[in-house]
Amino acid sequence: MLNITKSNFEKEVIFSEIPVVLDFWATWCGPCKMLSPVLDELAAEYSDRARFCKVNVEDEPELSARFGIASIPTLIFFKNGEILKKAVGYRENGGVGLGLSLVWEIVALYGGEIRVEESSEKGTTVAVKLPTDMKTKLL
């Protein structure tokens with residue numbers, strides 16, 4: 001994931017031709033550490049559809065202040081240089097899976113569908129179909 005600083009913010013986030021998920025985090029933040037591998041996996045899987053970036057709040061206090069970051073992790077979703085949504089904190093969604101709440105946010109913002117199926121034999125299965133030609137993936 002790309003580290004964002006005040007010097008590359010405009011180029012990498014505002015003028016990005018694809019949607020951007022911007023993660024405000026710190027090295028000492030436990031929930032940030034839990035969220036990080038989820039974001040890394042999504043960044044690798046969907047690098048051609050969305051850009052996943054990080055801002056270390058200790059290294060970039062001006063960017064943190066610009067967006068009113070009071071709690072971390074905070075995710076800000078950008079599309080065409082504009083903020084679409086801000087999500088604060090890390091949470092597991094109903095025990096379904098690590099990072100599922102993040103997937104819900106991305107699907108809600110960029111389109112797609114989610115199907116949750118409960119089975120006594122298989123447990124909970126979540127199928128996510130993301131926009132355009134992104135394949136359906138079981139989480």
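Guide: Before we start, one term: rings of Phe, Tyr and Trp (its six-membered ring) pair if their centres lie within 6.5 Å, and planes under 30 degrees apart count as stacked, over 60 as edge-to-face and the rest as tilted.

Visitor: OK, so how many aromatic pairs does the structure hold?

Guide: It holds four aromatic pairs. One of them is Phe 9 with Phe 67, a tilted pair at 5.5 Å centre to centre and 55° between the planes. Keep in mind that this is a predicted model, where local features need pLDDT of at least 70, side-chain atom pairs count only at pLDDT 80 or more, and totals for chains, interfaces and linings use all residues. Residues are numbered from 1 along each chain as its sequence is written, and side-chain values use heavy atoms, with hydrogens and water left out.

Visitor: Where do Phe 9 and Phe 67 lie?

Guide: Phe 9 is in helix H1 (residues 9–14) and Phe 67 is in the loop between helix H3 (61–66) and strand E4 (74–79), so the pair ties together parts 58 residues apart in sequence. Helices (H or I, at least four residues) and strands (E, at least two) are DSSP runs, numbered from the N terminus.

Visitor: Is Phe 9 buried or exposed?

Guide: Phe 9 is buried, with a relative accessible area of 1%, and Phe 67 is buried at 12%. Buried means under 20% relative accessible area, exposed over 50%, and partly exposed in between (1.4 Å probe, protein chains only).

Visitor: Which other ring pairs with Phe 67?

Guide: Phe 24 does, in a tilted pair at 6.0 Å centre to centre and 55° between the planes. Phe 24 sits in strand E2 (residues 20–25), 43 residues apart from Phe 67. Phe 24 is buried too, at 0% relative accessibility. Phe 9, Phe 24, Phe 67 and Phe 78 form one aromatic cluster.

Visitor: New topic! Which cysteines form a disulfide?

Guide: Cys 29 and Cys 32 do, with their sulfur atoms 2.4 Å apart. A disulfide here is a pair of cysteine sulfur atoms within 2.5 Å, and the count comes to one.

Visitor: Why is the disulfide of Cys 29 and Cys 32 called right-handed?

Guide: Because the torsion about its S-S bond is about 75°. Both Cys 29 and Cys 32 are buried.

Visitor: And which residues in H2 are buried?

Guide: Cys 32 is on that list, along with Leu 35, Ser 36, Val 38, Leu 39, Leu 42 and Ala 43.
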